[in-house]
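Please look over the sequence and the model shown here before reading the report that follows.

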Amino acid sequence: MGVIVTKDEDDNVALTRRINADLKEKVEKVQLADGEDPDFIADSEYFEQYEKTGRFGWVWLVLIALAIASLVFIILL
């Protein structure tokens with residue numbers, strides 16, 4: 001005995017087209033407003049409280065590199 005399964009693709013195609021049109025419209029609005037390529041990361045709730053790295057962010061990298069170098073030097077001696 002078999003089961004015949006049919007898929008109504010017309011609804012899926014229409015929904016996909018509508019979603020694509022909405023996304024395209026949103027991207028075009030943002031591009032016209034900013035003149036940049038949008039990534040929408042600033043709009044997400046996850047990044048609302050975060051700030052960009054300041055001028056002296058490179059200092060942390062130097063301190064980490066010095067700490068690792070110190071550990072290597074201590075272990076080798």
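This is a predicted model: local features need pLDDT of at least 70, side-chain atom pairs count only at pLDDT 80 or more; totals for chains, interfaces and linings use all residues.

Residues are numbered from 1 along each chain as its sequence is written, and side-chain values use heavy atoms, with hydrogens and water left out.

The secondary structure comes to 2 helices and 0 strands, these being DSSP runs (helices H or I, at least four residues; strands E, at least two) numbered from the N terminus. Of the 77 residues, 3% count as buried; buried means under 20% relative accessible area, exposed over 50%, and partly exposed in between, with a 1.4 Å probe and protein chains only.

A search of the whole structure finds 1 salt bridge, defined as a side-chain nitrogen of Lys or Arg within 4 Å of a carboxyl oxygen of Asp or Glu. The side chains of Glu 25 and Lys 29 form it, at 3.4 Å from N to O, and the two residues, 4 apart in helix H1 (residues 9–34), are separated by about one helical turn.

| Residue | Relative accessible area | Class |
|---|---|---|
| Glu 25 | 41% | partly exposed |
| Lys 29 | 54% | exposed |
| Ile 64 | 47% | partly exposed |

Helix H2 has 20 residues and reaches 30 Å from its first C-alpha to its last, close to the 28 Å expected at 1.5 Å a residue, the expected span being 1.5 Å times one less than the number of residues. Of these 20 residues the number buried is 1, so H2 lies largely in the open.
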